[in-house]
Amino acid sequence: MRICVYAASSRYCDPIYLDAARQLGATLARANCQVVYGGGAGGLMGALADGALASGGEVIGIIPRFMIEVEWQHPGVANLEVVEDMRERKHRLLTGSDAVIALPGGSGTLEELFEAITLKRLGIYFNPIVLLNIRDFYAPLQAFMQQVVAEHFMNDEHLQMWSLVNSVAETLPRIRATPRWREDARAHAAVKA
């Protein structure tokens with residue numbers, strides 16, 4: 001499986017997040033999953049790559065040219081694809097992935113996550129999206145999305161486009177247990193009365 005992982009670049013977050021990212025990388029590598037991520041060396045991105053590489057995994061980094069110019073790339077990732085901008089990066093991360101895992105992160109991670117959810121709603125992406133809910137990081141987002149549905153900006157069924165897990169050990173079983181998203185997604189993308 002090719003797993004797209006969205007992750008933060010912050011080095012200053014609680015070490016529990018860095019440990020989870022490292023553990024996720026190792027877990028995916030041991031399961032012979034190809035890890036595709038943003039290509040960075042710092043924060044959760046770097047920890048993810050470190051964990052996968054230390055366990056003999058295949059890691060692909062997709063990184064915009066300007067990040068190479070400021071040397072944000074991971075030096076240990078041999079398969080580093082340099083793209084022109086953030087838009088191309090997001091497209092290349094998701095294209096061909098069999099699943100998405102979102103680690104905790106800031107605006108960039110959330111933007112990538114919401115694009116994947118939007119594409120799933122529109123019937124462009126059909127694979128599992130799993131949020132790694134370390135320390136209940138994604139619980140407020142889940143509550144907010146339930147409010148979005150309650151206020152009729154999305155439908156109840158749209159809450160099934162992603163799932164939350166509370167530990168790294170749950171990620172692959174959740175991915176394997178999640179059915180492909182409905183082929184008629186576009187017919188159900190619009191909000192129902």
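Which residues in α1 meet which residues in α2? The analysis concerns a predicted model, in which local features require pLDDT of at least 70 and side-chain atom pairs count only at pLDDT 80 or more, while totals for chains, interfaces and linings use all residues. Residues are numbered from 1 along each chain as its sequence is written, and side-chain values use heavy atoms, with hydrogens and water left out.

On the α1 side, Tyr-17, Leu-18, Ala-21, Arg-22, Leu-24, Gly-25, Ala-26 and Ala-29 meet Gly-43, Leu-44, Ala-47, Leu-48, Gly-51 and Ala-52 of α2. Contact here denotes heavy atoms within 4.5 Å; helices (H or I, at least four residues) and strands (E, at least two) are DSSP runs numbered from the N terminus. The residues of this contact comprise ten nonpolar, three polar and one charged, where Ala, Val, Leu, Ile, Met, Phe, Trp, Tyr, Cys and Pro count as nonpolar, Asp, Glu, Lys and Arg as charged, and the others, Gly among them, as polar. Two packed helices are described by the angle between their axes and the distance between the axes. For α1 and α2 the angle is about 35° and the axes lie 6 Å apart, with axes taken as lines fitted to C-alpha atoms over the stretch in contact and angles running from 0 to 180 degrees between N-to-C directions.

The largest nonpolar core contains 32 residues, of which Ile-3, Val-5, Leu-24, Leu-28, Leu-44 and Leu-103 touch the most other members. Such a core is a set of buried Ala, Val, Leu, Ile, Met, Phe, Trp, Tyr and Cys residues joined through side-chain atoms within 4.5 Å; buried means under 20% relative accessible area, exposed over 50%, and partly exposed in between (1.4 Å probe, protein chains only). Elements giving two or more residues to this core include β1 (2-6), β2 (34-37) and α7 (171-177), and α1 supplies the largest share, seven residues. Leu-103 touches, among others, Val-5, Ala-21, Leu-24 and Leu-44, residues up to four places away in sequence not being counted.

By the criterion of a pair of cysteine sulfur atoms within 2.5 Å, zero disulfides are found. Cys-4 is in no disulfide, the nearest cysteine sulfur, that of Cys-33, being 13 Å away. Cys-4 is buried at 0% relative accessibility, and Cys-33 is buried with a relative accessible area of 4%.

Gly-106 is placed in the loop between β5 and α5 (107-121) and is partly exposed, at 38% relative accessibility. From Val-83, Gly-106 is separated by 23 residues in sequence and by 21 Å in space, C-alpha to C-alpha.
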